Amino acid sequence: MSPASGPTDGPAVSLDDVHKHYGSTRAVDGVSLTVERGEFFGLLGPNGAGKTTLVEIMEGQRRPDAGTVSVLGHHPWPRNPGLLPLIGVQTQSSAFFVRLTAAEHLRTMAALYRTDRAAAERALAMVGLTEQGEVRVDDLSGGQRQRLAIASALVHEPELIFLDEPTAALDPQARRALWQVLRDLKGKGRTIIYTTHHLDEAEALCDRVAILVDGRIAALDSPSRLIAQGSPTTRLVVPAERLTLEAARALQGVDRATRDGDTIVLETLDAGHVLAALEPVAGLQGVQTRTANLEDVYLALTGAAQPQAQP
Ligand SMILES: Nc1ncnc2c1ncn2[C@@H]1O[C@H](COP(=O)(O)OP(=O)(O)OP(=O)(O)O)[C@@H](O)[C@H]1O
């Protein structure tokens with residue numbers, strides 16, 4: 001089918017000072033951002049930060065109270081039929097034709113979008129479900145259904161894909177396999193807006209992430225730049241049977257020492273010197289070095305519990 005008309009240049013999504021309040025709750029409180037075409041964009045934030053509301057506004061499922069929203073050059077609200085073939089949506093509660101087989105379900109979806117029947121087989125193959133094509137949707141495992149939900153969002157080969165925690169129910173192998181599917185989609189020039197609580201995943205996959213806190217953007221950049229701008233602290237993790245907290249705190253160059261389970265965590269800006277000071281006291285066997293990652297940046301911004309120093 002021919003895609004709905006719309007500009008083929010310009011950003012995939014552009015939000016300018018978007019607000020959405022539910023009573024006194026400011027679910028989205030002045031968000032402005034641009035997602036470029038072909039970008040893999042992560043939306044992160046604690047429960048209730050406003051991610052779902054923001055995504056629903058982009059998808060045209062919710063009307064913003066104020067601000068301007070442009071998606072592939074269209075206004076998504078009032079509900080815009082021209083936009084529907086251009087976007088694919090996978091949610092945690094994706095609906096299925098449960099009495100059909102996986103392949104029949106996708107063929108039905110393809111027919112609704114007036115896409116060719118072979119698109120169903122392509123989508124099944126893309127998410128690794130070809131062998132389950134003749135299995136009834138009812139009889140698929142949770143992870144297989146999750147993959148079918150993703151295939152359903154892809155079947156009409158949309159330009160812009162919204163994925164909400166797509167790896168939530170997947171085992172580690174299926175999760176890694178899906179990462180490859182997502183990278184392939186990006187390789188084909190698709191734009192992906194990805195909501196997740198898996199920070200390792202966001203760090204591995206996303207070109208840029210926005211961290212939402214209380215309906216506002218607390219940070220927006222590539223994971224590597226956010227990490228570089230964050231704390232330059234290195235953590236050295238030492239088995240607790242080899243070092244007391246007092247001895248750890250006495251080491252030159254240690255800024256903070258805490259106990260975390262059966263390890264002592266040393267924070268330092270000068271890992272080389274601390275390692276040199278640690279060796280004669282505790283040895284270096286089993287000592288792990290951890291530099292900052294996206295989770296550290298996220299925790300610092302969202303104020304989530306950090307390991308507390310013991311008295
Ligand atoms: N339909 C609604 N009516 C009233 N309040 C709502 C409604 N939908 C969301 N909220 C509130 O708006 C705020 C943002 O919710 P939203 O679901 O957008 O957050 P979220 O970041 O997607 O959270 P989660 O990670 O838990 O899915 C929350 O305080 C939530 O309770």
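Arg114 lies in the loop between helix H2 (102–112) and helix H3 (118–126). Phi of Arg114 is near 60°, a positive value in a residue other than glycine. The peptide bond from Trp77 to Pro78 is cis, and its omega is near 0°. Pro78 sits in the loop between strand S4 (66–71) and S5. Most residues other than glycine have a negative phi, and most peptide bonds are trans. Against that background, the positive phi of Arg114 and the cis bond at Trp77–Pro78 deserve a note.

The model is predicted. The mean pLDDT of the protein chain is 89. Of its residues, 95% reach 70 or more. Over residues 1–5 the pLDDT is below 50. This stretch has nine contacts in the model beyond near neighbours in sequence. Residues 305–311 also have a pLDDT below 50. Here the contacts beyond near neighbours in sequence number ten. Where pLDDT is low, the predicted coordinates should not be read in detail. For the complex, the predictor gives an ipTM of 0.97 and a pTM of 0.85.

The protein chain is divided into two parts: domain 1 covers 13–222 and domain 2 covers 230–302. Their centres, taken over C-alpha atoms, are separated by 39 Å. Nine residues of domain 1 are in contact with seven residues of domain 2. On the domain 1 side, the elements that give two or more residues are helix H6 (199–205), strand S8 (208–213) and strand S9 (216–221). H6 provides the largest share, three residues. By class, this side of domain 1 has eight nonpolar residues, no polar residues and one charged residue.

Six strands form an open sheet with mixed pairing. Their order is S5-S6-S7-S3-S8-S9. Strand S5 (87–90) and S9 stand at the edges. Each has a single partner strand, so one side of each is left without a neighbour in the sheet. From one strand to the next, the twist averages 15°. Strand S6 (residues 160–164) and strand S7 (residues 191–195) run parallel and are joined by five bridges. Within this pair, Phe162 stands opposite Ile193 in S7. Helix H4 (residues 142–154) lies across S5 and S6. The helix runs at about 165° to S5. S8 and S9 belong to this sheet and also give residues to the side of domain 1 that touches domain 2.

A further open sheet has four strands in the order S11-S12-S10-S13. The pairing is antiparallel. Strand S11 (254–260) and strand S13 (288–290) stand at the edges. Each of these has a single partner strand, so one side of each is left without a neighbour in the sheet. The twist averages 25° from one strand to the next. Helix H9 (residues 271–282) packs on the sheet. H9 touches strand S10 (234–239), S11, S12 and S13. The direction of H9 makes about 10° with that of S10.

The strand pairs of this sheet can be taken in turn. S11 is joined to strand S12 (residues 263–268) by six bridges. The bridge partner of Arg259 in S12 is Ile264. S10 and S12 run antiparallel and are likewise joined by six bridges. Here Thr234 stands opposite Thr268 in S12. Three bridges join S10 to S13, also antiparallel. In this pair Leu236 stands opposite Thr289 in S13.

Methods:
Residues are numbered from 1 along each chain as its sequence is written. This is a predicted model: local features need pLDDT of at least 70, side-chain atom pairs count only at pLDDT 80 or more; totals for chains, interfaces and linings use all residues. Two strands pair if DSSP finds at least two bridges between them. Axes are lines fitted to C-alpha atoms, for helices over the stretch in contact, and angles run from 0 to 180 degrees between N-to-C directions. Two residues are in contact if their C-beta atoms, placed from the backbone, lie within 7 Å. Domain bounds come from an automatic or database domain assignment. Ala, Val, Leu, Ile, Met, Phe, Trp, Tyr, Cys and Pro count as nonpolar, Asp, Glu, Lys and Arg as charged, and the others, Gly among them, as polar. pLDDT is the predictor's confidence in each residue, from 0 to 100.
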